Amino acid sequence: MKKYSFSLIFLAIASVAVIMFACKKENESQTNSNGNPAGVMNQNDEAIINRLVAFNRQVHAFRENPAMKTGETMTIEEATANIGDLFNVVYGQATESYTATASHEFTLTLPLTAEGEVWVEDVASVYEQAVAAAREAFLNDGFTEDKGYISLAVETEPQRDGSARLKFHGTSGKIGVACDTLPYHPFDTSDYWQYAAPMGKCDYSCQGDGADKVLERAVKPLFYNFIWMPSPRPGGHWEFVDHRNIQFNGPQIPNVFYREQIYGTCIDPDDMNLYLNGELEALLRLAPDQFEIPDYHALNFEIEGKILNEGVGFYYHQTRAEYARLIFVYDTAIAEESLMDY
């Protein structure tokens, strides 16, 4: 049974921000921690592409002959990587900037063999189901034009009754570039917020919301404008693969909300702006450095207000973020396709 949930996030003010980052994606030279140009192909990229080319052939073979059986298996880890990475290479639109985003989730299952692996034909079938589910969500994400599919991430949930549950989280968006004065300061004198939903504003209005979700909605469309893209190259396309999930919080990273409980739960407008820019810088630069994934780009995230040692401890925001790495794929290996045309 497919389960879908949709959330739409709009950017009210066309602006982007954080000190040390440009407004537009630039093609100027950048290097990673090893001194190599970011996004340049390496041996690991070639291995990923070879794996995906082989899986793409399997998908097309089963598409043409659904009853075919090969007797081949793969691990659930390889199946998850193949499904997510191939989808993003074929249907992802990583090189665009987005001014608003929409998220969706669905769950599919893969039967397991007695050895805990999965049949290749079942993996190909689940890939086709994932494409169909993502397309349905994409068509109904609330954007009617200038839209793109950003990425699809896959996680394996605990195995039950001889099967593995695959949880998919997809993100689409409205294509465009938003620019404004840096740093970004959207919050004004009306923006006194309790630190976490559903506490609302400090005057007890807007119950059900909170600073964590207000910041999440304000930051989420912004960082898509900062994803640095290598220069376009003829004959291929840049796409995201190898998704990673990390989490961080204050005071682990500076300017992410963290406060002793004696100072209360209300965040004033100046601090809301501080934490917005802090979250953006953390997602774009500080977290990748701290977690030693300098070549990875933030694609999606959630902010949640939490308490440490209620009564004597701290209030803080925890950010759970999804990152992925850009690779260049030649069209002759795997061609781009429009999800609208699937």
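Predicted model: local features only at pLDDT ≥ 70, side-chain atom pairs only at ≥ 80, totals over all residues.
Because its relative accessibility is 34%, Glu78 counts as partly exposed. The C-alpha atom of Glu78 is separated by 9.7 Å from that of Glu117, a residue 39 positions away along the chain.

Helix 2, which spans residues 76–91, packs with helix 3, residues 120–139, at an angle of about 45 degrees, and the two axes are 10 Å apart. The crossing of the two helices is right-handed. On the side of helix 2, the contact is formed by Ala79, Ile83, Leu86, Phe87, Val90 and Tyr91, and on the side of helix 3 by Val123, Val126, Tyr127, Ala130, Val131 and Ala134. By residue class, this contact comprises 12 nonpolar residues, with no polar and no charged ones.

Helix 4, covering residues 211–219, is mostly covered, with 7 of its 9 residues buried. The buried positions are Ala211, Asp212, Val214, Leu215, Glu216, Ala218 and Val219. These buried residues pack against both strands and a helix: strand 7 (193–194), strand 10 (266–267), strand 11 (296–308) and strand 12 (314–330), together with helix 5 (269–290).

Tyr258 is located in strand 9, which runs over residues 258–260. With a relative accessible area of 30%, Tyr258 is partly exposed, because the partly exposed class lies between the limits of under 20% for buried and over 50% for exposed. When residues up to four places away in sequence are not counted, Tyr258 touches Gly250, Pro251, Phe314, Tyr315 and Tyr316. The C-alpha atoms of Tyr258 and Gly305 are separated by 9.6 Å, and these two residues are 47 positions apart along the chain.

For the chain as a whole, the model contains 5 helices and 12 strands. Of its 342 residues, 51% count as buried. Among contacts with a separation of 6 or more, 79% are accounted for by residues 24 or more positions apart. The accessible surface of the chain comes to about 15800 Å², and carbon and sulfur atoms contribute 48% of this area.

Conventions:
Residues numbered from 1 in each chain as written. Heavy atoms only, no water. Axes fitted to C-alpha atoms, helices over the stretch in contact; angles between N-to-C directions. Helix = DSSP H or I, 4+ residues; strand = E, 2+ residues; numbered from the N terminus. Left-handed = near helix turned anticlockwise from the far one by under 90°. Contact = heavy atoms within 4.5 Å. Nonpolar A, V, L, I, M, F, W, Y, C, P; charged D, E, K, R; others polar. Buried < 20%, exposed > 50% of the residue type's maximum accessible area, 1.4 Å probe, protein only. Areas by Shrake-Rupley, 256 points an atom, 1.4 Å probe, with all protein chains shown as cover.
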